[in-house]
Amino acid sequence: MKSKTGPAELPARLAPPRLQRGDTVSIVAPAGPVDRAKLERALPRIEARGLRIKLHGDVYAQHGYLAGDDERRVAELNAALADPETTAVFPARGGYGCSRLAHRIDFGAAASHPKLLIGFSDITVLHATLASRAGVATLHSANLSDGWGEEQPPAEWIEEWFWRCTGLCGELAASAERPCPLPVTPEAQQAMTTITGGVAEGVVVGGNAAVLTGLIGAPQLPSFAGKILFLEDVGEQPYRIDRMLSQMRLAGLLDGVAAVLLGQFTDAEPADDKPSLALDQVFADYLAPLGVPVLAGFPTGHVRDNLALPLNTRVRLDADQKTVSLLEMPFAE
């Protein structure tokens, strides 16, 4: 009889090397099929930063709703994670499919050759796995296709912050004595909502709420205890988000969190013909009783200007001032 598994305590943190001009970055497609036109728009924007592109197979392969069968996708992903030439790994897009690979990811290679994994949405599975099984810090940010590959790319300040988080440009350093605030426009800060005030420090874990819920019971899910839990989602009505938070609470995952940071919940309106709770009410019902700082509306998630948020990285969250500040960098300093 198999033993039950709970969320994993994080191993010792590994910060990957910073990106530098001339470095090689690997492009992989571990989830849904890739839009060729979008990726062909994105790659020159990456190369313009002086980075070299490396592929480990056919990123345009398609197998139903997947970017190729599982064997192809996991082989390409593991090749990128183990590749000694590669400094960072860019998944081409999210969609669905990473959970089919999670139990086969070579986290030994990931720990031996830590690389900055960059992405969001379904890539949450990879963020969680690399944190829980290898201790690697990663970067929650736009995927290549659904970010850099759009006809209208992210705003200049979003792009500048992203590259600073990779270490490629701009001097960026952070410590408990010198926290580095994440840049947020006055309009975005005003749009944020403090559900519960206060200040907390801790390592950020999380990502897409639906994807994290799908990992409950799996060893790839990191423990949320003592951490700052980040959640975002798209296309989920309030009752579905209610169900996700209910499952997290019933599984004991919300017990002992240090704080909660809620990003963008895009297209989360209830159906027109059905009664519903407001999403803010759902958040308050589940998160206010925790008695920890809770800040909602942070500009990270399924939006054009998707602010990069380092994961498995210590931050300070001030829910009263509506700020998040890095206390360490996602790359080795």
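**Labels and their cut-offs**

Student: How far should helix α1 (residues 36-47) span, and how far apart are its end C-alpha atoms?

Tutor: With 12 residues at 1.5 Å a residue, helix α1 should span 16 Å, and its end C-alpha atoms lie 17 Å apart, which agrees. The expected span is 1.5 Å times one less than the number of residues, and helices (H or I, at least four residues) and strands (E, at least two) are DSSP runs numbered from the N terminus. Please keep in mind that this is a predicted model, in which local features need pLDDT of at least 70, side-chain atom pairs count only at pLDDT 80 or more, and totals for chains, interfaces and linings use all residues. Residues are numbered from 1 along each chain as its sequence is written, and side-chain values use heavy atoms, with hydrogens and water left out.

Student: Which residues of α1 are buried, and what puts them on the same side of the helix?

Tutor: Lys38, Leu39, Ala42, Leu43 and Ile46 are the buried residues in α1, where buried means under 20% relative accessible area, exposed over 50%, and partly exposed in between (1.4 Å probe, protein chains only). They lie on the same side of α1 because they cover an arc of only 130 degrees around the axis, the arc being that of the directions from the helix axis to the C-beta atoms.

Student: What makes α4 mostly covered?

Tutor: In α4, 10 of its 11 residues are buried, and among them are Thr124, Leu126, His127, Ala128, Ala131 and Ala134.

Student: Why is Asp106 called partly exposed, and why does Gly207 count as buried?

Tutor: Asp106, in the loop between β3 (86-91) and α3 (107-112), has 34% relative accessibility and therefore counts as partly exposed. Gly207, in strand β8, has 0% relative accessibility and therefore counts as buried. As for C-alpha distances, Asp106 is 7.7 Å from Leu81 although 25 residues separate them in sequence, and Gly207 is 9.5 Å from Leu262 across 55 residues of sequence.

Student: What makes Arg21 exposed?

Tutor: Arg21, in the segment before β1 (24-28), is exposed because its relative accessible area is 61%.

Student: Which value of phi does Asn312 have, and why is Asn312 called buried?

Tutor: Asn312 has phi near 50 degrees, a positive value in a residue other than glycine. Its place is the loop between β12 (309-311) and β13 (314-318), and Asn312 is called buried because its relative accessible area is 4%. Lys322, in the loop between β13 and β14 (323-326), is not a glycine either and has a positive phi of about 60 degrees, but at 22% relative accessibility Lys322 counts as partly exposed.

Student: How many cavities are counted, and which residues line the largest cavity?

Tutor: On a 1 Å grid over the protein atoms alone, a cavity is a set of points where a 1.4 Å probe fits but cannot get out, a pocket is an open set with protein on both sides within 12 Å along at least five of seven lines, and lining residues have an atom within 4 Å of a point. The points are joined across faces, edges and corners, and a volume is the space filled by probe spheres set on them. By this rule there are two cavities of 30 Å³ or more. The largest cavity holds about 50 Å³, and its lining includes His127, Ala128, Ala131, Gly206 and Asn312. Two or more lining residues come from each of α4 (124-134) and β8 (199-208).

Student: What makes the lining of the second largest cavity nonpolar?

Tutor: Its lining divides into eight nonpolar, no polar and no charged residues, given that Ala, Val, Leu, Ile, Met, Phe, Trp, Tyr, Cys and Pro count as nonpolar, Asp, Glu, Lys and Arg as charged, and the others, Gly among them, as polar. The second largest cavity has a volume of about 30 Å³, and helix α9 (residues 238-250) gives four residues, the largest share of this lining.

Student: Which residues lie nearest the centre of the largest pocket?

Tutor: Of its 13 lining residues, Asp146, Glu150, His302, Val303 and Arg304 lie nearest the centre. The largest pocket holds about 180 Å³, and its lining has five nonpolar, five polar and three charged residues.
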